[in-house]
Amino acid sequence: LDIDPQQTDEDKIKTLVEKLGYEIYNEDEASSQIDERFHWWRSNKGKAVIFSSFFLAVAGVLSLLFPALSSFFFSFVALGSLLPMVRKMLTNIQAKNFFSIESLVVVAVIGAVVIDEAAEASIVVVLFSIGELLENIAAEKARDGVRALVGLVPKTAFLVSGDTTKEVPAKELEIGQIIEVRPGGHIPADGTIIEGDTSIDESSVTGESIPVTRTPGDDVYAGSFNADGVIRIEVKKSASDNMIARILRLVEEAEGSKAPTARFIDDFSKYYTPAVLLVSFLIATIPPVFLGAEWMVWAYKGLAILLIGCPCALVLSVPAAITSGIAAGAKRGLLIKGGIVLEAMSKARAFAFDKTGTLTEGTPKVTDIISFNDSEDELLSLAAAVERASMHPLAKAIVTEAIERRLDIPNSQTGEALRGRGVSATVNNVHVTVASPRYAQEISSLSKADMDKISTLEEEGKTVAVIVADDQAGGFIALRDELRDDAKEAMSELKGLG
């Protein structure tokens with residue numbers, strides 16, 4: 001792993017841990033952060049489902065041992081498991097929603113207990129609870145992917161105070177304050193560069209893997225990675241309003257919106273629930289009142305209609321279908337943020353793809369090496385010697401290519417990052433600079449033919465690095481984020497699907 005030797009020991013550790021995909025918590029944060037992780041069996045709904053399922057199994061066993069008391073056992077499970085649903089029904093009633101699906105389930109289950117069908121009632125409640133829990137689990141899994149965004153924003157920032165800097169919590173930064181971001185660090189707040197030049201990896205925000213040059217006056221975003229220069233930034237957004245926070249809010253709003261089918265069931269229940277209650281009431285009362293029929297017989301039939309009318313299959317089918325769809329996507333590497341997105345995909349006729357890491361590998365690779373004097377391998381070896389200590393993705397690509405070709409990479413001394421223009425070092429007593437084409441023109445001479453060739457490569461989506469040795473251009477290396485092997489096949493399959 002490439003760790004910038006200029007970093008402090010603490011920053012080196014942080015960089016290493018981040019590269020390995022872990023997170024750092026101090027002792028005060030650790031327990032609270034871990035407790036915030038979602039475990040379904042620790043949630044109230046999860047505990048309720050576990051206890052309900054356990055007591056249902058116990059009631060089943062006891063009913064075999066003591067058949068005369070089976071009704072009592074199952075009634076206990078049904079009514080106990082019904083309590084969370086009763087609370088939800090009462091909440092709906094307070095919100096002027098008198099005829100929710102929960103209302104019908106509560107009345108139907110109580111009716112089932114009254115007519116001595118407690119076994120069915122207890123199974124209905126447990127299945128209903130499991131369906132809701134599955135929906136919660138699916139939603140939490142989707143949110144886990146979103147929470148990874150939060151980890152991109154550092155917990156602390158270096159606040160500039162006069163001639164000194166002090167480390168402060170990033171969430172306490174205020175608009176107008178000046179912060180310093182060192183090489184290898186993530187930017188803690190949205191702001192504008194007021195001092196320093198650098199290359200910034202903005203892939204967390206834009207998806208583009210190639211770092212971009214940023215100079216005074218340019219805007220930068222929280223979560224972006226500062227590749228090579230020390231910069232000072234004037235804070236323009238608070239922690240609650242930075243780019244990452246706004247992305248999180250948009251995703252949460254999207255997750256909060258229900259799938260069309262779920263919305264249909266909610267609307268359907270407004271008419272269906274009172275209709276079933278009315279029919280059940282009429283069946284239970286009309287024959288005894290107007291025809292002199294026996295009350296208990298028709299009350300039983302009215303409650304039976306109520307139990308049959310409980311739309312458990314309809315209610316359970318939506319969360320189960322959405323959960324299975326989201327789970328199937330997750331197994332294939334797809335993060336589907338809720339049922340509304342899942343249903344929308346069935347109607348899609350065109351797709352817009354993010355290029356980097358989706359259609360491409362997500363990391364640049366060397367595509368062309370053009371040497372003016374030496375062989376390609378000698379030019380690449382020279383460039384790798386200069387780039388070896390850099391954390392820039394283009395530098396890593398050059399070093400990786402040299403290693404894959406099994407080249408002998410010489411040692412370099414007095415390496416220096418040129419903040420958005422390139423990097424230089426002394427290799428075998430020769431001052432070598434790996435520079436951008438614009439900077440290479442300033443420190444050496446490139447012919448019109450060379451510049452035309454560079455322009456052609458850039459038009460092909462490639463980034464060009466010019467190798468200059470003692471003020472003489474020795475050639476250039478082109479790099480590009482290449483297509484994934486399966487990208488063309490995927491496009492063909494989508495076209496085949498219309």
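How many helices and how many strands does the chain have? Here is a short tour that starts with that.

1. The chain has 18 helices and 15 strands; both are DSSP runs numbered from the N terminus, with at least four residues (H or I) for a helix and at least two (E) for a strand. Please keep in mind that this is a predicted model, in which local features need pLDDT of at least 70 and side-chain atom pairs count only at pLDDT 80 or more, while totals for chains, interfaces and linings use all residues. Residues are numbered from 1 along each chain as its sequence is written, and side-chain values use heavy atoms, with hydrogens and water left out.

2. Of the 498 residues in the chain, 39% are buried, that is, under 20% relative accessible area with a 1.4 Å probe, counting protein chains only. Take the contacts (heavy atoms within 4.5 Å) between residues at least 6 apart in sequence: 63% of them join residues at least 24 apart.

3. Axes are lines fitted to C-alpha atoms over the stretch in contact, and angles run from 0 to 180 degrees between N-to-C directions. On the H5 side, Leu104, Val107, Ala108, Gly111, Ala112 and Val114 meet Leu303, Leu306, Leu307 and Gly309 of H10. These residues divide into eight nonpolar, two polar and no charged, where Ala, Val, Leu, Ile, Met, Phe, Trp, Tyr, Cys and Pro count as nonpolar, Asp, Glu, Lys and Arg as charged, and the others, Gly among them, as polar.

4. Next, helix H14 (residues 376-387) packs with helix H15 (residues 393-404) at about 130°, their axes 9 Å apart. The contact involves Leu380, Ala383, Ala384 and Glu387 of H14, and Ala395, Ile398, Val399, Glu401 and Ala402 of H15. Seven of these residues are nonpolar, none polar and two charged.

5. Finally, the rings. There are five aromatic pairs, meaning rings of Phe, Tyr and Trp (its six-membered ring) with centres within 6.5 Å; planes under 30 degrees apart are stacked, over 60 edge-to-face and the rest tilted. Phenylalanine 55 and phenylalanine 76 pair edge-to-face, 6.2 Å centre to centre with 90° between the planes. Phenylalanine 55 is in helix H3 (residues 44-65) and phenylalanine 76 in helix H4 (residues 70-94), so the pair ties together parts 21 residues apart in sequence. Phe54, Phe55 and Phe76 form one aromatic cluster.

Technical notes:
Buried means under 20% relative accessible area, exposed over 50%, partly exposed in between (1.4 Å probe, protein chains only).
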